[in-house]
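Q: Could you walk me through this structure, one feature at a time?
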Amino acid sequence: MNVTPPRHTLRIETPEGVVVNLVRGSAADRAVAFVIDMGILLAAIIAMMVVSSYLGSMWVLAFFISLTFLLRIFYFVVCEAGRRGATIGKRLMKLRVVRADGGQLTIDAVLTRNFTRELEIFLPLTFLFAHEQFWVGHSGWVKGIASLWILLIPTMPIWSRARVRLGDLVGGTRVVRAPQALLLADMARRREPAAGNAVAPATELTFTAAQVGIYGIYELQVLEDVLRRKSQPGGKEAMAAVTARIKTKIRWSDAVHGKSADHTFLEQFYAAQRKHLEQQLLFGKRKERKKS
Amino acid sequence: MTELTADDLWSTRFRRDREASWRELEGMLNSIEKRGLASLGADSLARLPSLYRAALSALSVARAVCLDRNLLDYLESLTSRAHLCVYGPRESVTGALLGLLASRFPEAVRAAWKPLLATFCTLALGFSIAFVLCGENLDRYWYFLDAGRAQGRDPTATYDTLRDTLFTDKNDDAALSAFAAFLWSHNSRVTLLAFALAILGGLPGLLLVLLTGMELGAMSALFHERGLAVEWWSWILPHGITELSAVLMGTTAGLHLGHGLIFSGPYGRLGAMAQRSREAGPLVFGAIVMLFLAGLIEGIFRQAVNDVPVRYALATLTASLWIVYFVFVGRKK
């Protein structure tokens, strides 16, 4: 586990002192989530405008304008400070907000990360759509520097190493993919015969220490993948190919050791090899890969 | 069922012994993520932290001795989900926001008196520069204000048209209250922008405050010149005290964060900023609430009341209420 983590993982240390790896939300996912959220806000605002123009009273209009602004400011805050830690858009994109230091996500952090949006989104948008207001009467290099600056800030999730936007940096928060892995069957475990139905156990294959000592952890986990995909399309062919390669590598011949089905061979080889490697681990020896 | 056989792997036994508790935790997490903490009974809620810690320790052990990658991925995901539930936002959002108003906002204001003073001085400086320069020669008016913001209040306007901008006919007060709500959102933008700009090292935010002060100074010089000083201040002060304070608070919050960016201290720039968001969050939230109140005063009261002494009375009232609030509310006993 001493490998440097890839760019997209966020390592946070829980208050209990264990490091867990989360996957950072990609810039694309976050952009889509933001567009969804803005769509929701826009729809709400348009709906209110329609209602208020239908009612026709200026007081209703004033009320709705206030409500619109509160919505624009507090929609993100209320959603992210809630128990899901995500706006509706983020929830749809399976993202959520966490604190970068692994601590509790506080309302302060959420407030700070959301109040920078004026600078990140709305100011650049104003420049895009109402640039003549700002551009007139400035020399070329002023325009150049201003455009560069205005381009850099909203695109931070793309170019920053940690995929953060300004608000994340300031509030000490990160956006991560909501984790959701399933616990599948243990491939090293013997299949249990159905109750009352005595099936002859598969032939026991034995491997020598030299045979299981060839491969390392990486190969073991690739083999695990192959085994888990055996019922998917192409799984059978992959198993056949892998079986053939392993048999050559460990000098296994069907003539000497007896013939067995591909999946029986692979499952038993997997179990034997995992047992070997795990035993080595207990002695502090960690073999990452086979020696090429 | 199956007997434990001698050739069982250590990691298989490890999983068999603990799987039930992982599944229980997973079930709880599913229910919390769908329906909230309240969906768990008291008993299971009490078990959540211990199940979480058990899963964490299982993860540590599994990383050291287990090579089943699916198991490792599962534990990793299970513990991080549980971590997010256990350490996610705990208090209700409305409760937290009310708590900010009840104590943490005035506390943060008292703690940040230095940057607040600096921001105030910047505003006062901008005001004085524009006021003095325009007072000497009104031709300088357009250096400080652009036409879009002036809305007819320019040096060519007569006494009567200027006076009309300060008082309203009773008939169209509702229309003006809608307009005021627009204005309010403009000033909130200024506050948020000053906050966000001040984060970037402070100066841009202060510059915005300086410009705001200059706009105010130039307009004041114009009204003083026309002999409308009393009426002008009765127009600006009732909401202006609250609104300008809000601009100052927002900028102060940004300065507080920008200070962390420049003088980072032992935890690095990002760490310093993240820590400082604890004070900046309440400040900027409080600023928004103040703007909301200023908008109400501007939209409802000022358009409805054209009586100069009453306007001054309200200005005095808001000033004293804010002083009481910032000085006394939320002090620890």
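Predicted model: local features only at pLDDT ≥ 70, side-chain atom pairs only at ≥ 80, totals over all residues.

Q: Which residues of helix 5 of chain B are buried?
A: Helices here are DSSP runs (H or I, at least four residues; strands are E, at least two), numbered from the N terminus. In helix 5 of chain B, the buried residues include B:P115, B:L116, B:T119, B:L123, B:F127 and B:F131. Their cover includes helix 4, helix 6 (141-144), helix 10 (203-225) and helix 11 (229-262) of chain B.

Q: What should helix 5 of chain B span?
A: The expected span is 1.5 Å times one less than the number of residues. Helix 5 (residues 113-136) has 24 residues and should therefore span 34 Å, which agrees with the 34 Å between its end C-alpha atoms.

Q: Why does B:A102 count as exposed?
A: B:A102 counts as exposed because it has 11 C-beta neighbours inside 10 Å. This residue is found in helix 4 of chain B, and its C-alpha atom is 7.2 Å from that of B:V329, 227 residues away along the chain.

Q: How many helices and strands does chain B have?
A: Chain B has 13 helices and zero strands. Of its 333 residues, 42% are buried. For contacts, the rule is that two residues have C-beta atoms, placed from the backbone, within 7 Å. Among contacts in chain B between residues at least 6 apart in sequence, 79% join residues at least 24 apart.

Q: Which residues touch the most other members of the largest nonpolar core?
A: A nonpolar core is a set of buried Ala, Val, Leu, Ile, Met, Phe, Trp, Tyr and Cys residues joined through C-beta atoms within 7 Å. The largest has 99 residues, and B:L193, B:A194, B:A218, B:L283 and B:V284 touch the most other members. Helix 12 (residues 268-304) of chain B brings the largest share, 13 residues. Leaving aside residues up to four places away in sequence, B:L283 touches B:F105, B:A108, B:V109, B:A112, B:M249, B:T252 and B:A253.

Q: How many residues of chain B are in contact with chain A?
A: The contact joins 66 residues of chain B to 62 residues of chain A. Helix 9 of chain B gives the most to the chain B side, with 15 residues. That side divides into 37 nonpolar, 18 polar and 11 charged residues. Here Ala, Val, Leu, Ile, Met, Phe, Trp, Tyr, Cys and Pro count as nonpolar, Asp, Glu, Lys and Arg as charged, and the others, Gly among them, as polar.

Q: How is chain B divided into domains?
A: Domain bounds come from an automatic or database domain assignment. Chain B has domain 1 (10-86) and domain 2 (93-328), with C-alpha centres 51 Å apart.

Terms used. Residues numbered from 1 in each chain as written. Chains lettered and ligands numbered in written order. Buried ≥ 20, exposed ≤ 12 C-beta atoms within 10 Å, placed from the backbone.
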